[in-house]
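Here are some exercises to work through with the model open in your viewer. Try each task before you read its solution.

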Amino acid sequence: MVFVSRCQNFESEHNTTGLAAKNPDGGFYYTAAAGGESQAGKLPNGGLRSYGSMTYAGLKSMIFAGVGPDDPRVKAALAWIRKNYDVKSNPGIGNAGLYYYYHTFAKALDAMKLDLVEDEQGAKHDWRQDLLAELLGRQRPDGSWINENARWLEGEPSLVTGYVLLTLAYCKPGVEKR
């Protein structure tokens with residue numbers, strides 16, 4: 001939890017790194033190690049930009065480690081998610097790592113036992129339905145999926161289709177995942 005907390009743009013007793021106060025948006029970046037790194041880049045003040053896949057991965061990690069929904073770190077991550085809710089892109093980095101994003105998105109929201117995500121404007125989203133519709137629209141005629149952006153091997157249909165199959169397992173409410 002020390003590592004996970006230090007990758008969140010949220011200053012608290014769990015994260016007193018110099019990076020935490022530079023972009024206190026509640027989202028997550030890749031690593032705090034070796035001075036910090038974000039695949040979404042840096043702010044002019046040296047802060048690290050938060051992005052979707054890492055924010056959902058960070059939230060999921062906190063939940064799996066037993067951090068409850070009332071913890072300020074979880075609340076901050078959910079506030080970032082509300083502000084950046086998206087199934088068309090990986091917020092902060094566009095289509096890079098999009099299918100990994102879909103997997104962490106679904107796994108984290110399922111772990112939170114959330115059926116709806118209320119965005120910053122107050123609109124309520126059935127994330128499962130939104131995600132299913134987006135995935136169906138991206139499926140190729142041969143039944144596979146591929147990312148136009150080949151970064152992180154997402155130009156490989158076997159990997160991307162695997163991500164989608166894992167993601168789909170979280171799109172049916174009330175089904176216990178193993």
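**Exercise 1. Find the salt bridge between Glu 134 and Lys 88, say where its two ends sit, and follow the links onward.**

Step 1. In this predicted model, the side chains of Glu 134 and Lys 88 form a salt bridge, with an N to O distance of 2.8 Å.

Step 2. Now place the two partners. Glu 134 belongs to helix H5 and Lys 88 to the loop between H3 and H4, so this pair ties together parts that are 46 residues apart in sequence.

Step 3. Check how open each end is. Glu 134 has 10% relative accessibility, so it counts as buried. Lys 88 comes out at 56%, so it counts as exposed.

Step 4. Look for another partner of Glu 134. Arg 138 also forms a salt bridge with Glu 134, and the closest N and O atoms are 2.8 Å apart. Both Arg 138 and Glu 134 lie in helix H5, 4 residues apart, which is about one turn of the helix. With 27% relative accessibility, Arg 138 counts as partly exposed.

Step 5. The structure holds 6 salt bridges.

**Exercise 2. Which elements does the salt bridge between Arg 128 and Asp 110 connect, and are its partners buried or exposed?**

Step 1. Start with the distance. The closest N and O atoms of Arg 128 and Asp 110 are 3.3 Å apart in this salt bridge.

Step 2. Find the elements. Arg 128 is in helix H5 and Asp 110 in helix H4, so the pair ties together parts that are 18 residues apart in sequence.

Step 3. Settle the burial. Arg 128 and Asp 110 are both buried. For Asp 110 the relative accessibility is 17%, so it passes the cut-off, since buried means under 20%.

**Exercise 3. Classify the ring pairs Tyr 85 with Phe 105 and Tyr 101 with Tyr 102, then say which cluster they belong to.**

Step 1. Recall what you need: a pair of aromatic rings is described by the distance of the centres and the angle of the planes. The count for this structure comes to 8 aromatic pairs.

Step 2. Take Tyr 85 and Phe 105. Their ring centres are 5.9 Å apart and the planes stand at 50 degrees, so the pair is tilted. Tyr 85 lies in the loop between H3 and H4 and Phe 105 in helix H4, so the pair ties together parts that are 20 residues apart in sequence. Both of these residues, Tyr 85 and Phe 105, are buried.

Step 3. Tyr 101 is buried at 0% relative accessibility, and Tyr 102 is buried with a relative accessible area of 1%.

Step 4. Zoom out. Ring pairs join Tyr 56, Tyr 85, Tyr 99, Tyr 101, Tyr 102, Phe 105 and Trp 127 into a cluster.

**Exercise 4. Describe the largest nonpolar core and the surroundings of Val 74.**

Step 1. Keep the background in mind: in soluble globular proteins, nonpolar side chains tend to be buried together.

Step 2. List the contributors. Helices H2 (52–64), H3 (72–83), H4 (98–111), H5 (127–138) and H6 (157–168) each give two or more residues to this core. H4 gives the most, with 9 residues.

Step 3. Zoom in on Val 74. Setting aside neighbours within four places in sequence, Val 74 is in contact with Leu 59, Met 62, Ile 63, Val 67, Gly 68, Pro 69 and Met 112.

**Exercise 5. Where do Lys 113 and Trp 152 lie, and what are their phi values?**

Step 1. Lys 113 sits in the loop between H4 and strand S1 (116–118). Its phi is near 60 degrees, a positive value in a residue other than glycine. Lys 113 is exposed, with a relative accessible area of 69%.

Step 2. Trp 152 is in the loop between H5 and H6, and has a positive phi of about 60 degrees although it is not a glycine. At 39% relative accessibility, Trp 152 counts as partly exposed.

Key: Residues are numbered from 1 along each chain as its sequence is written. This is a predicted model: local features need pLDDT of at least 70, side-chain atom pairs count only at pLDDT 80 or more; totals for chains, interfaces and linings use all residues. Side-chain values use heavy atoms; hydrogens and water are left out. A nonpolar core is a set of buried Ala, Val, Leu, Ile, Met, Phe, Trp, Tyr and Cys residues joined through side-chain atoms within 4.5 Å. Buried means under 20% relative accessible area, exposed over 50%, partly exposed in between (1.4 Å probe, protein chains only). Contact means heavy atoms within 4.5 Å. Rings of Phe, Tyr and Trp (its six-membered ring) pair if their centres lie within 6.5 Å; planes under 30 degrees apart count as stacked, over 60 as edge-to-face and the rest as tilted. A salt bridge is a side-chain nitrogen of Lys or Arg within 4 Å of a carboxyl oxygen of Asp or Glu.
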